[in-house]
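Student: Can we go through this model together? I'd like to start with the overall fold and then look at details.

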Amino acid sequence: MREPFLTIRNLSHTYMKGTPLEHVALREVSLEAGRGECLAIIGHTGSGKSTLIQHLNGLLLPQSGEVTVDGLHLSGPKPDVKALRRKVGLVFQNPEDQIFEKLVGDDVAYGPFKMGYPLQEVRERVRWAMELVGISFDEYKDRPTFALSGGQKRKVALAGVLALKPDLLVLDEPTAGLDPYSRNELLNRIRELNRKEKMTVLFVTHNMEEVATLADRVCVMAEGRVAAEGTPREIFGDTRLLAEHQLGPPEAVEILHALHRRGHPVNPGAYLTEEAAGEILSLIRERE
Amino acid sequence: MSASPLIEVKDLYFSYRTHGETFPVLRGITLRVNRGEHVAVIGHNGSGKSTLAKHLNGLLLPDEGAVWVQGLDTREKKHLREIRRRVGMVFQHPDNQLVATIVEEDVAFGLENLSVPPEEMADRVTDALRAVGMEDFRKRPPHHLSGGQKQRVAIGGILAMRPDCLVLDEATSMLDSFGRKEILQVVRRLHGEGIAVVSVTHHMSEAAEADRVIVLEKGRIALEGTPREVFREREQLSRLRLDVPEAGRIASRVHAGHPGFPDDLYRREELVEAVERFTCGKVEVNHG
């Protein structure tokens, strides 16, 4: 069998170990992602999602257990974090924390520039990345970053990471705070990167619509453990699982669940708009 | 003439300035928020929503035009404290607005500047926590709460000041639909008690709950009306990079397959009820 692109085995992490404030964030987490796969991680605040993804670009190193990205082992005594960061691009949750240059173009260029690419290539990468997230290079490169809206900042932060053309893209709440159009646009772009360029994508989210449109597989985390794993359809269809982990499903699923509770024979796992409409149509036609 | 409005915005212009350049954000906004009204403000990223929201309690001041809160002009410094007591704001990031180490202290924080006597303070904190359903968490540290719970605590801190209006600036953006529901329930309750709510949101299903929806585009009001009036304008909304709520998308697909089914339903409950009407067969439509 082919080695998966990302392997996490029995990963545990404890914050403030040996102090009265000791807090176990990850307990024996095991997870795999194949090359080109898109994996969503969901779960409540404090379930360990953020701690997990900080291991993927070496911000945290394994205390126990293993993390391997594309053959690069991070559990040894001297892991090559620099090589890791060429492979893995991590986009944090709050874009304003990641933007520090005065001008948009400079901010996106920062990573590729530091990687030592020639100026012309840096420029090409910046243009590519900005257009990819839907921010016009010509119009925005010389704009001051502070005059951007929250959603635009998010796109600029993402472009800065994409400009590095990582093999593994890790996103923390990629579309929180984006308007519906930008949300769809960004999700489509990420899906394109994932499907066409075979970029492996792992994202943490609260937004189940995002899971529905993007993920091949979903991992539900709770109290530092992997509580469940499956396709979006399997996860959204499992009412008990959703309730137990207080996960709000996509709106279409909520509507179907409401109908289901009232005794209508619908399949609540039909999470796409089209499917949900189809379920309702067949209900109506049945009664005629 | 109707009674004097709670908030009146007249010919509001505002630009961000830097490096000798000017970036106009609001270009002539005139609106009123009446007592007890629930107004939703939608618009794509960069349309000026948050900038407008920050004018409602004097966090930003107009370049031209004016904002009055019950007749108090936000440009007059001496009124600012009273204006901010009457109009409280909750922002996007749950973690950035909690300041104390225990929930009740956080809720009491704003009161300390209002010279409220200590015994009254305790009562107000109790009332506020009850109103947001967080009384059981009174003695807890806020950092282990879920995002929705943190936002409820933030709302509690504002309620303790007995405001007339609550402004939610994308307060649900970082929450899943479970957290959004928690906030929505609180908003409904407050609205029922006569507190005005202005919610800036990217979630069309939240806007569908408001009495009135204002759509911003390039710093101007592009569309205004009841949710039904606004969401009927599908084409214009799509041009403005917005959308209709998921319930509306489902309804129109059902309508396409079954023309008798209404295609202007935007709230989840409306859709579920309509399905019930169409499937329970013999319910006669008597009105009209």
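Student: What should I know about numbering and confidence first?
Tutor: Residues count from 1 along each chain as its sequence is written, and chains are lettered from A, with ligands numbered from 1, in the order in which they are written. This is a predicted model, where local features need pLDDT of at least 70, side-chain atom pairs count only at pLDDT 80 or more, and totals for chains, interfaces and linings use all residues.

Student: How many helices and strands does chain B have?
Tutor: Chain B has 11 helices and 10 strands. Helices (H or I, at least four residues) and strands (E, at least two) are DSSP runs numbered from the N terminus. Its radius of gyration is 20 Å, close to the 19 Å from the globule rule for 288 residues, so chain B is as compact as a globular protein of that length. That radius is taken over C-alpha atoms, and the rule is 2.2 Å times the number of residues to the power 0.38.

Student: What share of the residues in chain B is buried?
Tutor: Buried residues are 52% of the 288. Buried means 20 or more other C-beta atoms within 10 Å of the residue's own, exposed means 12 or fewer, and partly exposed is in between, with C-beta atoms placed from the backbone.

Student: Which way do the residues of strand S6 point?
Tutor: In S6 (residues 87-90) of chain B, Val87(B) and Met89(B) point one way and Gly88(B) and Val90(B) the other, and all are buried. Side chains in a regular strand alternate between the two faces of the sheet.

Student: And how do S6(B) and S7 pair?
Tutor: S6(B) and S7 (residues 165-169) of chain B pair in the parallel sense over 4 bridges; pairing requires at least two DSSP bridges. Met89(B) has Val167(B) as its bridge partner in S7(B).

Student: Switching to S1(B) and S2(B): what do they form?
Tutor: S1(B) and S2(B) form a hairpin with 2 residues between them, and His19(B) in the turn has a positive phi of about 45°. The two strands pair in the antiparallel sense over 10 bridges. Val9(B) has Leu31(B) as its bridge partner in S2(B).

Student: Where does Gly28(B) sit?
Tutor: Gly28(B) is in strand S2 (residues 21-33) of chain B.

Student: Why does Gly28(B) count as partly exposed?
Tutor: Because Gly28(B) has 14 C-beta neighbours inside 10 Å.

Student: What is Gly28(B) in contact with?
Tutor: Leaving aside neighbours within four places in sequence, Gly28(B) is in contact with Asp11(B), Tyr13(B) and Arg220(B). Contact means C-beta atoms, placed from the backbone, within 7 Å. The C-alpha atoms of Gly28(B) and Leu12(B), 16 residues apart along the chain, are separated by 4.8 Å.

Student: Which domains does the assignment give chain B?
Tutor: Domain 1 (7-244) and domain 2 (245-281), with bounds from an automatic or database domain assignment. The C-alpha centres of domain 1 and domain 2 of chain B lie 31 Å apart. Their contact takes 9 residues from domain 1 of chain B and 8 residues from domain 2 of chain B.

Student: What about the contact with chain A, how many residues does it take?
Tutor: The contact takes 45 residues from chain B and 43 residues from chain A. Elements giving two or more residues to the chain B side include strand S1 (7-18) and helix H6 (177-192) of chain B.

Key: Two residues are in contact if their C-beta atoms, placed from the backbone, lie within 7 Å.
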